[in-house]
Amino acid sequence: MKIDATQPLEYGTEENRNRIFGFWLFLGAEIALFATLFTVYIVLANRFASGPSGAEIFEITPVLLETFLLLTSSFTIGLAVHAMRLGLKKQMMMFMIITLLLGAGFLGIEIFEFFTYVHEGVTLSTSAFSSSLFTLLGTHGAHVTFGLLWGTAILIQIKKHGLDHSTANKSFIFSLYWHFLDVVWIFIFSFVYLKGLM
């Protein structure tokens, strides 16, 4: 395995560069998935049947808290990658742990929101609006859940093997995934919650 010392650690081998390129292609498929879910939501957003509208069920305070947590986690994962590139294992792991805790906080609020909606009588089968809402939010939440498990697995590997070309590559790819989830959330915040509250 030929190592290119002029590249950052995560790009240091041809295999690592190919993995990063492959992950960008995967994110392209994820963009298509979420674009489809957003399109369905936008088409069905005003079809409430006998159920409530977004303006009746959305509350801005938890949504702002979710947004703060997820956007802050995007900053901390950036700090983790920066620490990784400087070879600072402890700091990198600390920022990864903070990122995962912020993500877990986000997920906790989202789960609480789902329980609140169901308690108010809004379920997957209440209306076309609620069906598309739960599908979009649930898909994003499932991605965050997977991210929490994936990030934890990477932390275990870094603890066991240290920072090397393999763990740095995995960590960097994870950071791309996490930033992608943050971008998707900005669209959810804007086109689901803010638009729904108007």
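Q: How many residues does helix 4 have, and how far does helix 4 reach from its first C-alpha to its last?
A: Helix 4 (residues 89-119) has 31 residues and reaches 45 Å, close to the 45 Å expected at 1.5 Å a residue. The expected span is 1.5 Å times one less than the number of residues, and helices are DSSP runs (H or I, at least four residues) numbered from the N terminus. This is a predicted model, where local features need pLDDT of at least 70, side-chain atom pairs count only at pLDDT 80 or more, and totals for chains, interfaces and linings use all residues. Residues are numbered from 1 along each chain as its sequence is written, and side-chain values use heavy atoms, leaving out hydrogens and water.

Q: What comes just after helix 4?
A: G121, with a positive phi of about 90°.

Q: Ok, new topic: which residues touch the most other members of the largest nonpolar core?
A: F58, L133, W185, I188 and Y193, out of 55 residues. Such a core is a set of buried Ala, Val, Leu, Ile, Met, Phe, Trp, Tyr and Cys residues joined through side-chain atoms within 4.5 Å.

Q: And which helix gives the most to this core?
A: Helix 6, with 15 residues.

Q: What does L133 touch?
A: Not counting residues up to four places away in sequence, L133 touches Y41, I57, F58, Y117 and V192. Contact means heavy atoms within 4.5 Å.

Q: Is T167 buried or exposed?
A: T167 is buried, at 3% relative accessible area. Buried is under 20%, exposed over 50%, partly exposed in between (1.4 Å probe, protein chains only).

Q: And A49, buried or exposed?
A: A49 is exposed, at 71% relative accessibility.

Key: Helices (H or I, at least four residues) and strands (E, at least two) are DSSP runs, numbered from the N terminus.
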